[in-house]
Amino acid sequence: MGVSLLELTGLTRRFGSVVALDGLTFSVPAGEVVGFLGPNGAGKTTTMRAIFDLVDLDSGTVSWDGHPITAADRRRFGYMPEERGLYPSMLVGEQLEYLGKLHGMSAASAAAAAAQWLERLGVGERATSRVDALSHGNQQRVQLAAALVHSPEVLVLDEPLAGLDPTAIDAIGQVLVDQAAAGCCVLLSSHQLDLVEDLCEAVTIIDHGRLVASGRVDDLAASGRRRLVVRVEGDRTAAWASGRPGVTVSEVSGGAARLVLDDGVDSQDLLRAAMAAGSVTEFAFGRRRLSEVFREALA
Amino acid sequence: MTRALVLLGVVALAALRIWFRRRSRGARGRGASWRRSGSPGQSAASGQSGARFRPTGPRDLFERAIGDVGLVAAREIRERTRGRTFRFGTVLILAAVAAAIVIPVVRSTKPGAERIGVVGAMPASLRGAVVAAGASVRTRVTVAPEPDLTAAKRDLRTGAIALAIVDARTIVTAKAVTSSDTSAGAALERTIANAVSLHLAFEAAGITAVQAAALARSTPARVTSLAPAPTHSAARPTSLYGLILLFILLQQYGTWTLMGVLEEKASRVVEVLLATVRPVQLLAGKVLGIGIVALAQAGLVVAFALVLAKAVGSDLLTGAAPVELLSELLWLLLGYAFYCWVYAATGSMAERQDQLQSLTFPLSIPIILGYVTALVAASSGNASTFFKVLAYLPPTAPFAMPVLVGLGGVTWWEFVASVLLSVAATVAMARLAAGVYRRAILRTGRRVALREVFSKART
């Protein structure tokens, strides 16, 4: 038997005249962290809600492990919605225990798992605090614990990294990678593309409710036009490169210019032009960054 | 009545259980195989939770009895009863009930003793009549001679005497008493005024002292009615107290439901919950949990009232009063069952607390109508035809029917008919509310318009 697969097929949802999802199809394999990208309003949140049957789809199906998804399947999924939500006046530990029981755990194992996850996410000492007494960052950790407490087979996280400090991002990122390594299917949306590039093995990019790009981060980085990073001493604007046929300056940062080359462009010509402009201290082909993949996919 | 109540509760739980079992059987078909199929990384993940199997301990029996609904209800009960407001509120209600029962007893068992001032002559026959009049309204009257009217007025103002009889003809009091005043002082004043006027009338008719005594012993003739009299009707204060309590508790429990739903929506926790629980389960669990707390609280109040009234020998619980109280308890439950769905659906449509006022106002109209008409009927002791109709309409029946019971004007099958109507209406209301709730609970950003939820509630 192969790897379990969360498959979304032909998801369509209209809100009045607005098309939120327009025949969206993609899949998420178990054992990977998949980044779910798209500009605001692209339909990411609606897609994630559709996995949990929280929107009424006009058409399309969600299936898990080869069969249309059931309530019993969803019970083994974990969800962190975009708008965070926990009972403000309930104690953190009891809240997680309650959610664990709703997911089918016994009271004892839910309590044990709640304590374990709070510890792991660095908020172990807050188990007896009320949720509304926690800081934003700690609430977010508890919210993630709520999605994890029943050791789900599928984790769907809507912007889990938004608004966190770098330590929290590292901690949560590590948890997600560990979950995937343990066979969990992790789908997370984010606008922090650099983080997604570090964290995810694959990405799915959507816009206007349609799939615009998807694949493994490595493949996407290697595909497309060549990237050349050139640093010329004293040159801050890369004026020598702009205007050359087949060459686009995608960005200049810290004195290094990122050039996108069309197929017919000879890099040796470019090297000569750079040397004519000044002393060349760096000249290297680079990978396509995820932010470039994203921008080019939406262009 | 209590046995019927317990039976009703058991039947309701069993029905709920069967319903949810049937509904979730399909969905849970695969639920037994918790373990993931496949990949080698598995053991690490399942090791984290230790056991992900369904529980078997006796502690979970109640929760398992009706599955997720039980879990939701159990949380509701725990969180409700934990709050300080709840405990304080319960104590407050008990204190109010205790006061309503104990104070009249204390006041009536201390036989009222009043001094009556006499200015001028006081024939022995009148004196005897005055003392007898006092005894008839449970007041021991002592007669105190006053030297003159001025001294009598002074004593009236200080309260040393309750009233003064001047020259065996007129009566002077400190305060005017209206005809509707039912206080002990007013009753005393009326009977003494009667006694004095009778005395004057006997005098005018030239009746001897012996004849006058015989006349004074007269009692009202026995009246036989062709229609049977209501054999037991409840004491009026009991009806009124019960009604007020019913009104307060019904509104309180409705508000709990509404606030509970709104809390989940406003805090957005509902999205996390609905990812694993169906909306109708979440709603049913909340309603059930609050209902159990409500029944426990109201049952405690009624039991407390019955025991306390028995212990202190209150006459509040004579005749049909215990039956009326128990029927009020039953109707509180039925009223809650009917209204909680409406309140829950309303809560799901609100976005913030400040919208509650405009949303709940229409809900309170039938409640207030039922309450006010029931108050009028209970205090007048008369049920109009309109009121009898209200006793069969589910929104007003919770108030009207118990009062009819208290007035002794209901046969058992009329009572049952009203209960069945209410149950049927509750089922219809629950279905409608569940549809609205499902539609509205995840809509955020603005208040949900009624038109939207109803146009789609049926789809």
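Hi everyone, let me start with some rings: A:Phe52, A:Trp64, A:Phe77 and A:Tyr79 are linked into a cluster by ring pairs. By pair I mean rings of Phe, Tyr or Trp (its six-membered ring) with centres within 6.5 Å; planes under 30 degrees apart are stacked, over 60 edge-to-face, and the rest tilted.

Before I go on, the ground rules. This is a predicted model, with local features needing pLDDT of at least 70 and side-chain atom pairs counted only at pLDDT 80 or more, while totals for chains, interfaces and linings use all residues. Residues are numbered from 1 along each chain as its sequence is written, chains are lettered from A and ligands numbered from 1 in the order in which they are written, and side-chain values use heavy atoms, leaving out hydrogens and water.

Now chain A as a whole. Its secondary structure comprises ten helices and 14 strands; these are DSSP runs numbered from the N terminus, H or I of at least four residues for helices and E of at least two for strands. Chain A has 299 residues, and 54% of them count as buried. Buried means under 20% relative accessible area, exposed over 50%, and partly exposed in between, with a 1.4 Å probe and protein chains only. Contacts here are heavy atoms within 4.5 Å. Among the chain A contacts with a separation of 6 or more, 69% come from residues 24 or more positions apart.

Back to the rings. Over all chains there are twelve aromatic pairs. One of them has B:Trp331 and B:Phe415 with centres 6.2 Å apart and planes at 85°, so this pair is edge-to-face. B:Trp331 sits in helix H13 and B:Phe415 in helix H17, both of chain B, so the pair ties together parts 84 residues apart in sequence. B:Trp331 is buried at 0% relative accessibility, and B:Phe415 is buried too, at 12%.

What sits over the ring of A:Tyr87? That is the charged end of B:Arg75, 3.5 Å from the ring centre. B:Arg75 also lies over the face of A:Tyr98, at 5.7 Å from the ring centre. The criterion is NZ of Lys or CZ of Arg within 6 Å of the ring centre and within 35 degrees of the ring normal.

On to salt bridges, meaning a side-chain nitrogen of Lys or Arg within 4 Å of a carboxyl oxygen of Asp or Glu. A:Arg49 and B:Glu271 form one, at 2.9 Å from N to O. A:Arg49 belongs to helix H1 of chain A and B:Glu271 to helix H11 of chain B, so this pair joins two chains. Both residues, A:Arg49 and B:Glu271, are buried.

Within chain A, A:Glu292 bridges to A:Arg227, with the closest N and O atoms 3.6 Å apart. That pair links distant parts of the chain, helix H10 and strand S11, 65 residues apart. A:Glu292 is buried at 3% relative accessible area, and A:Arg227 is buried at 2%.

Chain B has a local example: B:Glu76 and B:Arg80 form a salt bridge, with the closest N and O atoms 3.4 Å apart. The two are four residues apart in helix H4, so about one helical turn separates them. B:Glu76 is buried, with a relative accessible area of 1%.
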